[in-house]
Amino acid sequence: MFSPSLSQLSLLLLLSSNAFAAPSPSSSSGSSMKLHRRARHAKTAEEWGAWAKSNRDTLIAKYGGGGGGSVSKRSSGTNLLVNQNADSSFYGSIAVGTPPVSYSVVLDTGSADLWLADKDCSGCNNIPRFDYSASSTFKNTSVPFSIKYGSGAAAGTLGQDTVQMAGFSVESQVFAVCNQISDGLLDDPVSGLLGLGFETIAASKAPPFWESLVKNGAWDQPLMSFQLTRMQNVSSATELEAGGTFTMGFTDSSLFTGDIDYNNIPDGMETYWIQQMSSLTSQGSSISLSTATQYAAIDTGTTLVGGPSSVISQIFAQVEGAQPATGNYEGYYTFPCDTDVTVTMAFGGKSWTVSPDDFRVAEISRGECLGGFFELDTGTETPSWIVGDTFLKNVYSVFRYNPPSVGFAQLSSTALQMNSGNEPVPSATIGSVAAGVTAAGGSGGSTQATNGAVSMKMTRGEGMMMMMIIPVVVGLLSLGALVPLA
Ligand SMILES: *[C@@H]1O[C@H](CO)[C@@H](O)[C@H](O)[C@H]1NC(C)=O
Ligand SMILES: *[C@@H]1O[C@H](CO)[C@@H](O)[C@H](O)[C@H]1NC(C)=O
């Protein structure tokens with residue numbers, strides 16, 4: 001167990017009406033699970049590896065090997081991801097209820113709530129929906145829930161049920177069952193969203209799934225990680241492709257090389273996964289960042305990279321022929337498609353390169369391509385940068401609970417091979433339960449209208465969809481004031 005630091009506590013008191021209650025560990029037996037299979041396919045090497053590991057962990061958990069009873073089992077798990085619409089979003093699978101039914105959910109480090117479309121959702125025609133009446137363990141807590149993201153909103157009520165993922169189980173997990181979801185937020189077969197940010201920004205005010213696990217010591221190591229594939233420049237890529245890997249409790253050393261370069265989350269700012277941008281280059285030229293602190297939320301749920309307009313314009317000023325886009329594309333820039341634009345970013349440590357193939361999002365008119373960095377007007381309430389998949393596809397990323405930090409490492413050749421577009425799309429791989437905990441926090445507090453949308457021009461064109469799944473939480477400004485940084 002980690003005890004919260006003083007600043008974390010003030011933060012919690014500031015943002016959450018919920019006490020920092022410690023969940024109590026309990027054992028949870030694995031049970032047979034209905035999986036929605038998309039297509040039959042042979043397991044890939046990665047899948048076999050994941051299967052072997054999860055199988056081994058299950059056996060260790062079942063038959064001991066760590067000695068002792070069922071309490072405080074530690075484990076690790078892997079969930080293979082799906083890349084949807086050429087890098088628009090990345091989803092994994094969870095199972096909910098008794099008997100467990102699996103659902104595809106966008107994995108979003110930029111928010112902290114779990115929600116699913118429910119069977120009463122009117123505008124959710126093709127999406128597989130949660131049928132709460134079919135789960136014997138579902139409890140309706142009747143607390144209204146609503147959340148607004150950069151690219152849409154969802155609303156419904158809070159409930160509790162058993163949630164499983166990658167061999168982990170949390171009993172009485174609070175999540176929202178949503179009957180109102182804005183158009184375009186979910187794309188079949190995705191049923192909802194799993195927030196992997198900190199409880200402090202949860203609109204439900206309930207402990208997020210991942211945080212319940214890590215606080216109870218369910219993980220071998222207090223971290224989770226992502227490897228995301230790139231399909232944007234693969235002409236044969238279809239709507240759904242292999243999306244990479246999400247791990248909990250360990251880093252998969254087959255997917256990266258060299259050291260993981262960790263940088264701390266600024267003290268007391270465990271909200272989004274915040275980093276301080278320390279340097280930026282475009283086409284080899286250093287871009288001056290203003291003296292104001294350049295906070296960045298590292299966000300798997302956002303497709304591109306958004307930043308302050310003054311800095312974004314400097315990035316494009318280094319690119320010959322680049323110009324601000326207009327109409328639907330206001331806030332974006334275009335540049336000649338035959339230009340390779342190389343941007344590097346650093347967050348206090350090593351500098352990382354965004355490949356020209358990620359910067360070049362799509363050809364939107366003859367010879368003119370849309371750039372992967374856009375102007376974001378976050379006001380003063382959120383980090384000024386939202387660093388999404390345009391960046392994250394270039395690194396192995398690690399989200400570490402303790403010490404609170406984000407780490408990046410170079411992708412291995414094994415990881416890069418998954419960018420071919422020839423890998424099978426994984427089916428739901430939840431695994432049997434190796435470690436389980438019970439969530440604390442009861443039904444969650446009542447949800448107030450604390451969330452507002454970040455202004456973001458969402459653009460949908462031919463086969464192109466940009467998501468920005470990050471909520472704005474009022475209070476982050478005071479957070480900054482709480483812990484002034486030089
Ligand atoms: C939960 O209860 C509330 C209030 O009684 C109701 O409006 C809502 O539809 C219920 N939701 C579910 C998922 O049962
Ligand atoms: C796609 O982009 C990556 C990264 O720049 C590059 O290594 C790869 O060769 C590209 N693939 C194709 C098919 O152009």
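Okay, a definition to start: two strands count as paired if DSSP finds at least two bridges between them. Strands themselves are DSSP runs of E with at least two residues, numbered from the N terminus.

With that in hand, here's a sheet to look at. Strands β14, β13, β19 and β20, in that order, make up an open sheet of four strands with antiparallel pairing. β14 (285-286) and β20 (351-354) are the edge strands, each pairing on one side only. Zoom in on β19, residues 343-346: four bridges join it to β20, and the two run antiparallel. Within that region, Val343 sits opposite Val354 of β20.

Quick housekeeping before we go on. What you're looking at is a predicted model, where local features need pLDDT of at least 70 and side-chain atom pairs count only at pLDDT 80 or more, while totals for chains, interfaces and linings use all residues. Residues are numbered from 1 along each chain as its sequence is written, chains are lettered from A and ligands numbered from 1 in the order in which they are written, and side-chain values use heavy atoms, with hydrogens and water left out.

Next up, strand β4, residues 114-117. Which residues of β4 are buried on each face? Leu114 and Leu116 are buried on one side, and Trp115 and Ala117 are buried on the other; buried here means under 20% relative accessible area, using a 1.4 Å probe and protein chains only. In a regular strand, side chains alternate between the two faces of the sheet.

So who does β4 pair with? Three bridges join β4 to strand β8, residues 190-195, and those two run antiparallel. With strand β7, residues 168-181, β4 pairs in the parallel sense, again over three bridges. Trp115 takes part in both: Leu193 stands opposite it in β8, and Ala176 is its bridge partner in β7.

Now the record. UniProt, in an unreviewed entry, puts "active site" at Asp108 and Asp299; the positions are in the numbering used here, feature names are shortened, and annotations may be inferred rather than shown by experiment. These two are spread over 192 residues of sequence, yet they cluster in space, with a largest C-alpha distance of 6.6 Å. Asp108 belongs to strand β3, residues 101-108. Is Asp108 buried or exposed? Buried, with a relative accessible area of 0%.

Let's finish with the ligands. Around ligand 1 we find Tyr132, Asn140, Ser142, Thr157 and Val177, where "around" means a heavy atom within 4 Å. By class, that's two nonpolar, three polar and no charged residues. For the classes, Ala, Val, Leu, Ile, Met, Phe, Trp, Tyr, Cys and Pro are nonpolar, Asp, Glu, Lys and Arg are charged, and the others, Gly among them, are polar.

On to specific atoms. A side-chain N or O atom of Asn140 is 2.3 Å from an oxygen of ligand 1. Ser142 has a polar side-chain atom 3.3 Å from a ligand 1 oxygen, and Thr157 has one 3.3 Å from a ligand 1 nitrogen. On its own ligand 1 exposes 360 Å², and the protein buries 55% of that; areas come from the Shrake-Rupley method with a 1.4 Å probe.

Ligand 2 has Arg230, Asn233, Ser355 and Asp357 around it: no nonpolar, two polar and two charged. Asp357 has a polar side-chain atom 2.5 Å from an oxygen of ligand 2.

Terms used. A polar contact is a pair of N or O atoms within 3.5 Å; within protein, one must be able to donate a hydrogen and the other to accept it, and residues adjacent in sequence count only if both atoms are side-chain atoms. Buried means under 20% relative accessible area, exposed over 50%, partly exposed in between (1.4 Å probe, protein chains only).
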